[in-house]
Amino acid sequence: MLSYVLAGLSLGAIYAIAASSLVITYVSSGIFNIGFAAMAYSVGRVFYSLNTVHHWSAPLAAVVAVLLFAPLLGMALYYLLFRHLRLRSPLVKIVATIGVSVALPQAVDLSLGKLANVTAPGLAPRPLTVFHPFGAVLNMDQVVTYGGLLVVLVVGVGVLRYTEIGLKVRALVDSEALTSLSGTSPSRVSLGVWAASATLAGLAGVLVAPASGLTMSGMTSLMTAAFAAVVVARLRSIPVAVGVALLMGVVTEVLQWPTLFSPDGPWQSRLVSGVPFAFMLVALLTYAVRGQAGETSSGGALDRAIRPQGGDPSAAVTVHGPARTRLPLVAGAVTMAVVVVLVLGLADYWTGLIAGGIALAIALLSYTLVVGEGGMVWLCQITFAGVGAVTTAELATNHGWPALLAVFVGSVLTVPFGVALGVLTIRLGNLYVALVTLTFGLLIQRLVFTQDPFYNFGSGTSVARPGFATDNKNFAFLALGVFLVLALIVVNVRRSTAGMAMSAVRWSEDGARTLGLSVVQTKVLVSGLATYIAAVGGGILALTFQSTLPDSFDPFVGLVWLSVLVTMGSRSIMAALVAGIFFTLLPAVFASYLPSSLGDVPVLLFGLGAVMLAKNPEGVVPMHGRQLATVFERRRGDGGTGVDGATSTSGADHEPSGVTPDPSALRAPNVAGPVEPTLSTGGRA
Amino acid sequence: MSTATTGTTTAPDRIAAHGVTVRFGGLVALKDVDLAVAPHTIAGLVGPNGAGKSTLFAVLSGLLKPAQGTVSMNGVDVTHRSPQKRASAGLARTFQHPELFSSMTVREHVVLAHRVRHARSRLWTDLVTGRGLRRPPAAETERVDDLIEALHLEDIAHRPATGLPLGKARLVEVARALAVDPTVLLLDEPSSGLDVRETEELVSTLTEVVRERGVSLLIVEHDVELVISMSDVVHVLDFGVKIAEGAPSLIRDDPAVRAAYLGEDIELAEPRRTEQTVAVAGGDNTREERV
């Protein structure tokens, strides 16, 4: 037992370092760094390269990787990205940091090469020295971890409490505006904060790698636990975050004590997976009951007073004049025509990919609804898509239902889960909602999708397409039909009274409530409908690839989905279609026509696309749509863009020419570790 | 419960607070406040910064639960009713900091408010009937156009609410509030941010609403002269305590009010009675016990 407690304290110490990093950047900049795992991975990867590949000594490699490379990485990211996010909406901040989590590992792998062996060395000398205090087992890696946390705490407290730099950081946390007025440059302080945060991320990455493996998957587990600790600490308190992280580590390890649960039994791994979610759930319920889980905003009264409105992808959307009804329709029709021509004209392999893209676009419509319209930053739509795929396969394959009936009826079964989640998170601020839904997705992934009978060595359950759409071409048209029907539903919702109520609740709950609108009803409506659409998308995806392929529904792949969509435009129907097709098509184009060493470039491009949201939160498709509308209006001579340059664009738009999009084949990008087998469309190996 | 006499009948107050106390931790934001708004009247609520005016509005509209006391509408206790239920009962309000729906146009604000009141079922039926994709009914269009015209919002009707100047934002809130055809309307600093002409037009519109539609108004304003010129009765709060209530002409010269606004050192042993027919609640007025 004591051995497990000691191991738990070691694991908890790593969680604590990670949680400290997240809290520091959040309180000082208002950015919750979802790219944390990528930063940890990158530093760990550099350490590995120096130590294992180039045979540097561990201390020297650690100094260069953690104390030199990591702060430089943090400063570079601050300069290139984070400083532009300060006044952006939570959604843009989240998606931009997702972009980091997608692009950074790809950039590192492109630079240092793919890692064949994920077993990483630690900071302790090999072979590991093992101690036996009170008969328990304690190795040198664990001792180093304790030391790491101790150093972080001592140095952190010392700097923050007793130095001028610490004073400036604390001033920045309280009010950036007042800090600036007092003659201190907030940018310089922030630069230092991000350097320190990246150093902590790097240290956590190097420390966790020996136990979890030097993979994004291993770093993701670390990040999930750190998220939970930070949520329990209400995003602000480092001491609480550290304490909870240590406790979480101990609980995680003690649950693996064979006396409690057999390692071969079904419970141990599931309980261990559920530890972060349990901590987070208990804390959130407590805070929600106490009314303490609202949006936390950084800065003081002056910061809030001078903070501009907007910065949200959907805030720029409005309607005006005749162009409102015509141009999006024309652009949408042109986009659809292009898709039809592609389906009819391309070879079967490419048609299959496009069918997959359309199926994905259906799932992306759920993000359009819940994120774009409802303003709820849900990061688990992919999980509902996965549940839709599983229920479709269960009903069609195991119960003999017709495939399409299985899709549409099976998807109904997922709605209660979405509604329940919607009700649970109704009183939470945006960031909390994002973290809860992401953790929920991870929980379902580990408890359901990766367990038999659903997993089946990664291939899932096979499911046959409808008889009239067995070939890729017919199936692509079937998927396009489903997409159009659901798109019309989304457009109808947007223009309906319910859609307006949804917008009202999104932008001002007090304003909506005093108008007589029910926040609960509205959010339940959005949750239920978006969940259904996601599940239908998952079902169609399963039909596309004729298997459920559970790994394809990893929540971190969902982050990539969301990023692709938001990069294109979170409220645009056509952006969903374009995003889905790009997501599947571009990696295949790279794989077919470019050297294999560039295979990860599409994912890198996509990540960079999401990062670009920091400067263009509207999204690529609406932005070009707006520009096109302006050109048309000028030609008509009616004076441009309405009152004070109010923008156009409410949905359907034109095909984005010259865009730097994203994607990766419909196989899941490498943001969450190994995700094979890939979703393939058949027809080509 | 207070009542108002109109002709030969006695109608209950449109909205009334009875002994309302609100505490934020150790801070007493409102202490035993009574206030009533009779039908077809305009009541003013004034007081220096921090007097508790917006807090009282939050209590009246249901956004804040009082620690003690009750709120009634038309004689019915609504203390435990949600803001939505109070809105359904005829209450509408505006906010000190306009609570607009950023991505919606000015016109959509008014349309939504109108439908919430007059076509509530459309919140759900639109989803299956597709009515959202068709032209709205002529009656709705006419009413919405009337309101937009009355508040001179035609030029910005199709502009999104985000980025509107403060004055325009306030007018949009007023239009939205009027679109639900309220029986009682709470206006939190409606003239703030408006120029002189806009203020005059707003006053004219509001007066007309009271006269023609029988709406009761409760107005919070820093512009005391405006309140006095519009109101039938004025309530004065200071540090969470109601220190005066009465006809505008009497309130203007009330020593307690002058003390509250100008800092004159006048001790009040008990609440002031400035009009014989109106009882003033409030109790003691010592500032020490407020924090």
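What follows is a quick chat about the chains, the domains, the core and the sheets.

Q: Ground rules first: what kind of model is this, and how are things numbered?
A: This is a predicted model, where local features need pLDDT of at least 70, side-chain atom pairs count only at pLDDT 80 or more, and totals for chains, interfaces and linings use all residues. Residues are numbered from 1 along each chain as its sequence is written, while chains are lettered from A and ligands numbered from 1 in the order in which they are written.

Q: How many helices and strands does chain A have?
A: Chain A has 25 helices and 2 strands. Helices (H or I, at least four residues) and strands (E, at least two) are DSSP runs, numbered from the N terminus.

Q: What share of chain A is buried?
A: 59% of its 685 residues. Buried means 20 or more other C-beta atoms within 10 Å of the residue's own; exposed means 12 or fewer, and partly exposed is in between, with C-beta atoms placed from the backbone.

Q: Which domains does chain A have?
A: The assignment gives domain 1 (2-263) and domain 2 (336-645). Such bounds come from an automatic or database domain assignment. The two domain centres, taken over C-alpha atoms, are separated by 32 Å.

Q: How many residues does each side put into the contact?
A: Domain 1 of chain A gives 26 residues and domain 2 of chain A gives 27 residues. Contact means C-beta atoms, placed from the backbone, within 7 Å. On the domain 1 side, α4(A) gives the most, with 16 residues. That side divides into 18 nonpolar, 6 polar and 2 charged. Here Ala, Val, Leu, Ile, Met, Phe, Trp, Tyr, Cys and Pro count as nonpolar, Asp, Glu, Lys and Arg as charged, and the others, Gly among them, as polar.

Q: Which residues have the most contacts inside the largest nonpolar core?
A: Ala229(A) and Ile362(A), in a core of 307 residues. A nonpolar core is a set of buried Ala, Val, Leu, Ile, Met, Phe, Trp, Tyr and Cys residues joined through C-beta atoms within 7 Å. Helix α1 (residues 2-29) of chain A supplies the largest share, 17 residues.

Q: Why does this core lie between the two domains of chain A?
A: Domain 1 (2-263) and domain 2 (336-645) both give residues to this core, so it lies between them.

Q: And what does Ala229(A) touch?
A: Leaving aside neighbours within four places in sequence, Ala229(A) contacts Tyr15(A), Ala19(A), Ala241(A), Val244(A), Ala245(A) and Met248(A).

Q: Switching over. How many residues of chain B are in contact with chain A?
A: 36, against 32 residues of chain A. On the chain B side, α2 (83-88), α3 (106-118) and α4 (122-129) each give two or more residues. That side has 16 nonpolar, 11 polar and 9 charged residues.

Q: Is β10(B) mostly covered or uncovered?
A: Mostly covered: 5 of the 5 residues in β10(B) (216-220) are buried. Ser216(B), Leu218(B) and Val220(B) point one way, Leu217(B) and Ile219(B) the other.

Q: Which way does β9(B) pair with β10(B)?
A: Parallel, over 5 bridges. Strands count as paired if DSSP finds at least two bridges between them. Val184(B) stands opposite Ser216(B).

Q: What strand order does the open sheet in chain B have?
A: β4-β3-β6-β7, with antiparallel pairing. β4 (27-37) and β7 (76-77) of chain B have a single partner strand each, so one side of each is left without a neighbour in the sheet.

Methods. Contact = placed C-beta atoms within 7 Å.
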